[in-house]
Amino acid sequence: MLKFLAKLFAATPTDQVCADCGSKLFPSPNSAATYCPNPDCPARVRRWLVHWATPEVMNVPGLDAALAEQLVSSGLIRDVGELYTLQAAEVAALPGRNPATAELLVTAIATSKARPLEHLLHGLEIPHVDAAVAQALARQFFRLDAVFSAGEPKLAATPGVGPDAARSLVRWYGDPVNRRLIERLRKAGLNFYAQPERS
Ligand SMILES: [Zn+2]
């Protein structure tokens with residue numbers, strides 16, 4: 001996996017190591033920040049959950065950094081797909097949580113299933129696929145499956161996407177771990193379609 005990611009970013013690791021798992025950090029392709037390449041890194045999963053929950057992504061109010069930390073360290077959540085099988089009773093049993101807020105969280109998670117494709121794509125944290133690229137993909141392909149079956153040349157030729165994101169999308173979906181995540185999200189009933197254009 002490390003080798004695969006190193007090739008993906010064609011970048012060398014920085015001198016910094018991840019405080020949570022000890023892996024060498026890589027420069028992030030989406031920002032100036034660094035990035036832990038270990039898919040099982042608890043810090044990475046925590047940050048992913050917080051990103052997933054933001055209003056401009058999947059919009060899950062209540063899923064903040066503190067709760068993300070609890071969900072990951074308790075072993076309840078290992079990736080965003082597991083949010084959709086989370087039970088209110090499991091959340092309520094965490095220290096400092098109660099049935100009422102747990103119920104609100106699970107409802108917010110269920111509501112997030114309807115978020116349109118552009119937000120889902122942004123939430124997946126595919127390198128080089130930021131909000132603007134996600135929007136361009138949704139506009140052009142309308143369905144998630146059409147994005148992943150388009151192939152690199154068609155993706156790269158899409159206005160607002162470009163070669164880096166196209167290559168990254170093809171490689172991301174080429175990883176069986178990611179394909180399994182997509183199938184779990186599908187099974188959980190997430191919306192794989194773009195918001196219809198309003199006229
Ligand atoms: Zn790490």
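In the model described here, W52 is in contact with V57, M58, V60, V80 and G123, leaving aside residues up to four places away in sequence, where contact is defined as two C-beta atoms, placed from the backbone, lying within 7 Å. The model is a predicted one, in which local features need a pLDDT of at least 70 and side-chain atom pairs count only at pLDDT 80 or more, whereas totals for chains, interfaces and linings use all residues. Residues are numbered from 1 along each chain as its sequence is written.

The protein chain contains 11 helices and two strands, these being DSSP runs numbered from the N terminus (H or I with at least four residues for helices, E with at least two for strands). Along the sequence, these elements follow the pattern α-β-β-α-α-α-α-α-α-α-α-α-α. Taken along the principal axes, the C-alpha atoms of the chain fill a box of roughly 50 × 50 × 25 Å. Of the 199 residues, 30% are buried, a residue being called buried if 20 or more other C-beta atoms lie within 10 Å of its own, exposed if 12 or fewer do, and partly exposed in between. Among contacts between residues at least 6 apart in sequence, 48% join residues at least 24 apart.

W52 belongs to the buried residues of helix 2, which are R44, V45, R46, W48, L49, W52 and A53. Helix 2 comprises the 12 residues 42–53 and reaches 17 Å from its first C-alpha to its last, close to the 16 Å expected at 1.5 Å a residue, where the expected span is 1.5 Å times one less than the number of residues. The buried residues of helix 2 pack against helix 3 (65–73) and helix 6 (117–123). In helix 3, the buried residues are L67, A68, L71 and V72. Because these four cover an arc of only 130° around the axis, they lie on the same side of helix 3, the arc being that of the directions from the helix axis to the C-beta atoms. An α-helix has 3.6 residues a turn, so residues three or four places apart point the same way. The buried residues of helix 3 pack against helix 2, while the face turned away from the buried side carries the exposed residues A65 and A66. Helix 3 is followed by G75, whose phi is positive, near 85°.

The largest nonpolar core has 25 residues, and those with the most contacts inside it are L49, W52 and L63; such a core is a set of buried Ala, Val, Leu, Ile, Met, Phe, Trp, Tyr and Cys residues joined through C-beta atoms within 7 Å. Two or more residues are given to this core by each of helix 2, helix 3 and helix 5 (99–112), and helix 2 supplies the largest share, namely five residues. A second, separate core has 24 residues, including A136, A150, L155 and L169.

A136 is also one of the buried residues of helix 7 (residues 131–141), which are V133, A134, A136, L137, A138 and F141. The cover over these buried residues includes helix 6, helix 8 (144–149) and helix 10. Helix 7 is followed by F142, a residue in the loop between helix 7 and helix 8 that has a positive phi of about 65° although it is not a glycine. With 18 other C-beta atoms within 10 Å, F142 is partly exposed.

V161 lies in the loop between helix 9 (152–156) and helix 10 (162–174), and it counts as buried because it has 24 C-beta neighbours inside 10 Å. Not counting residues up to four places away in sequence, V161 touches V133, A136, L137, L155, A156 and A166. The C-alpha atoms of V161 and D130 are separated by 9.8 Å, with the two residues 31 apart along the chain. H128 and V161, which are 33 residues apart in sequence, lie 9.0 Å apart in space, C-alpha to C-alpha. H128 is located in the loop between helix 6 and helix 7 and, with 19 C-beta neighbours inside 10 Å, counts as partly exposed. The phi of H128 is near 75°, a positive value in a residue other than glycine.
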